[in-house]
Amino acid sequence: MAANLQDPISSFRAMRASDLEAVSRIELSAYPHPWTFTIFRDCLASGYECWVLERAGEVIGYGVLSVAGGEAHVLNICIAPAEQGHGLGRRILARLLDLARWHHAERVFLEVRPSNTAAVALYHSSGFNEIGRRPNYYPGKRGREDALVMAIELLGPRLGNGE
């Protein structure tokens, strides 16, 4: 596999409490209705799978996944606006799906704004399918916006005998 020349030295690691300021700054810069510092702190304290993508010691993206009862839920994926468009969101999504498999989740759910066409395209191209809508789920500039509910079924490990 060829290295991504635009991102030669980024790496994943578990989010730490010391990352919360950087994560919150990225969230504020990326979304008109961002998660709060407290939400991230609570996710970390609750034991959710919270991961950061960093380059040269600087957090450039993150993902949050909850897992329970054989299911997982992608709660947040974000890339710093200056770093978007280079496949980093896809890398974070792939990491979260790997973590869901590690936890033996059979399916993964997420909600996304229909107006976030880049994210919708990413999820479709990654194997997610739209399974419903949540009316008035997100705050918007003029009222509320629906959420697309998407899901992917995770396949178990492949057996060596071709089954």
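**Contacts, burial and helix packing**

Analyst: Leaving out neighbours within four places in sequence, Arg13 is in contact (heavy atoms within 4.5 Å) with Asp19, Trp51, Val52, Glu54 and Val59. Arg13 is part of strand β1 (residues 10-14); strands (E, at least two residues) and helices (H or I, at least four) are DSSP runs, numbered from the N terminus. This is a predicted model, in which local features need pLDDT of at least 70, side-chain atom pairs count only at pLDDT 80 or more, and totals for chains, interfaces and linings use all residues. Residues are numbered from 1 along each chain as its sequence is written, and side-chain values use heavy atoms, with hydrogens and water left out.

User: Is Arg13 buried or exposed?

Analyst: Buried means under 20% relative accessible area, exposed over 50%, and partly exposed in between (1.4 Å probe, protein chains only). Arg13 has a relative accessible area of 14%, so Arg13 is buried. Ser66, in strand β3, also counts as buried, at 16% relative accessibility.

User: Which residues does Ser66 touch, not counting those up to four places away in sequence?

Analyst: Ser66 touches Tyr48, Glu71, Ala72, His73 and Leu75.

User: How do I read the packing of two helices?

Analyst: Two packed helices are described by the angle between their axes and the distance between the axes. Axes are lines fitted to C-alpha atoms, for helices over the stretch in contact, and angles run from 0 to 180 degrees between N-to-C directions. Here the axes of α1 (residues 20-30) and α2 (residues 37-45) come within 9 Å and cross at roughly 130 degrees. That makes α1 oblique to α2; angles under 35 degrees count as roughly parallel, over 145 as roughly antiparallel, 65 to 115 as roughly perpendicular and the rest as oblique.

User: Which residues meet there?

Analyst: From α1, Leu20, Glu21, Val23, Ser24 and Glu27 meet Phe37, Phe40, Arg41 and Leu44 of α2.

User: How do I find the buried face of a helix?

Analyst: An α-helix has 3.6 residues a turn, so residues three or four places apart point the same way. In α4 (residues 117-125), the buried residues are Ala119, Val120, Leu122 and Tyr123. Seen down the axis of α4, they fall within an arc of 160 degrees, so they line one face of the helix; the arc is that of the directions from the helix axis to the C-beta atoms. Thr117 and Ala118, on the other side of α4, are exposed.

User: What do the buried residues of α4 pack against?

Analyst: They pack against β4 (71-79), α3 (88-102), β5 (107-112) and β7 (143-153).
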